[in-house]
Amino acid sequence: MMELLKVVLFGIVEGITEWLPISSTGHMILLNEVVSLHVSDEFYSMFQVVIQLGAILAVVLLFFKQIWPFGRKNNEEPLTAHGAGAWIKTDIFKLWFRILVSCVPAAVVGILFDDILEEMFYNYRTVAIMLILFGVAFLIVENRNHGKKAQVTSLKDITYRLAFWIGMFQLIAAIFPGTSRSGATIVGALLLGVSRTVAAEYTFFLAIPVMFGASLLKLVKFGLAFSAAETAILLTGMVVAFVVSLIVIRFLMGYIKKHDFKVFGWYRIILGAIVLLCGVCGLLP
């Protein structure tokens with residue numbers, strides 16, 4: 001029973017931090033330092049990635065009409081005027097092609113160096129440093145953009161070149177936990193002239209193939225031979241992450257219409273400093 005309560009806590013943390021630009025992986029690493037699950041290291045390595053599928057399903061549900069590329073209703077750019085082509089939404093297919101371009105840098109590095117990067121950087125020190133660095137980056141970028149009009153105000157305005165550079169920012173998060181995948185892509189998008197709303201939406205959609213790919217990679221490495229307890233842990237974490245994500249995504253999309261990202265920058269800096277201080281005091285291993 002206590003283990004399932006811990007899993008619920010992990011699911012809540014995942015659902016909140018996956019979408020706010022404060023690093024879900026970083027928070028999961030820190031949480032595991034304080035409230036660790038009684039599972040094998042191999043299972044936990046898989047769990048902290050695959051639990052994100054619950055969060056991703058929340059995006060699919062909330063934005064289904066914007067990401068599903070088939071259907072005649074509200075089809076602004078059908079492939080053909082009549083026949084089967086009338087069911088194909090070419091504008092959404094173009095969006096997915098750009099998203100895939102953004103995925104390439106992190107996918108290549110993840111496939112080739114996943115185990116090495118996890119061994120080298122998955123610790124509280126890296127998390128704390130990256131929390132602070134990208135917290136500062138948020139403050140600098142928001143101050144730089146204050147009063148400036150965004151150049152890209154629609155998902156349709158994201159070019160393949162822009163998509164690639166956003167993917168390069170995402171690569172930083174793939175290497176260094178604590179960066180935040182959403183934080184890195186949002187900072188990159190803001191630097192490249194993308195509006196806050198479009199940057200957030202593109203980050204949500206970009207998470208779908210990235211997290212599905214990362215989860216598949218972890219599942220293949222771990223295998224599908226789960227015990228009953230492991231299955232319960234994994235499913236509970238995913239369900240909780242899904243429900244919490246529905247709430248958090250709605251909150252964030254409403255929040256950024258009236259506010260900037262500075263509050264998340266300050267949160268990152270403060271949390272990173274606290275973690276480093278706890279490490280110096282010997283409170284973290």
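A nonpolar core is a set of buried Ala, Val, Leu, Ile, Met, Phe, Trp, Tyr and Cys residues joined through side-chain atoms within 4.5 Å. Buried means under 20% relative accessible area, exposed means over 50%, and partly exposed is in between (1.4 Å probe, protein chains only). This is a predicted model: local features need pLDDT of at least 70, side-chain atom pairs count only at pLDDT 80 or more, and totals for chains, interfaces and linings use all residues. Residues are numbered from 1 along each chain as its sequence is written, and side-chain values use heavy atoms, leaving out hydrogens and water.

**The largest core**
- This core has 54 residues, and Trp19, Tyr202, Phe204 and Phe205 touch the most other members.
- Several helices (DSSP runs of H or I, at least four residues, numbered from the N terminus) each supply at least two residues, among them H4 (52-62), H6 (90-121) and H8 (160-175).
- Helix H10 (196-222) gives the largest share, 11 residues.
- Trp19 is in contact (heavy atoms within 4.5 Å) with residues including Ile56, Val59, Phe204 and Leu252, not counting residues up to four places away in sequence.

**The second core**
- A separate core of 19 residues includes Phe10, Val13, Leu37 and Val50.
- Val13 lies in helix H1.
- The relative accessible area of Val13 is 17%, so this residue is buried.
- Beyond its neighbours within four places in sequence, Val13 touches His27, Met28 and Leu31.
- Val13 and Leu31 are 18 residues apart in sequence, yet their C-alpha atoms are 8.5 Å apart in space.

**Helix H2**
- H2 covers residues 24-34, and its buried residues are Ser24, Gly26, His27, Met28, Ile29, Leu30 and Leu31.
- Helices H1 (2-17), H3 (41-50) and H12 (262-280) are among the elements covering them.
- Ser23 caps the N-terminal end of H2, with a side-chain oxygen 2.8 Å from the backbone nitrogen of Gly26.

**Helix H11**

**Cysteines**
- The model has zero disulfides, a disulfide being a pair of cysteine sulfur atoms within 2.5 Å.
- The sulfur of Cys278 is 6.8 Å from the closest cysteine sulfur, in Cys281, so the two are too far apart for a bond.
- Cys278 is partly exposed, at 24% relative accessible area, whereas Cys103 is buried, at 10%.

Terms used
A polar contact is a pair of N or O atoms within 3.5 Å; within protein, one must be able to donate a hydrogen and the other to accept it, and residues adjacent in sequence count only if both atoms are side-chain atoms.
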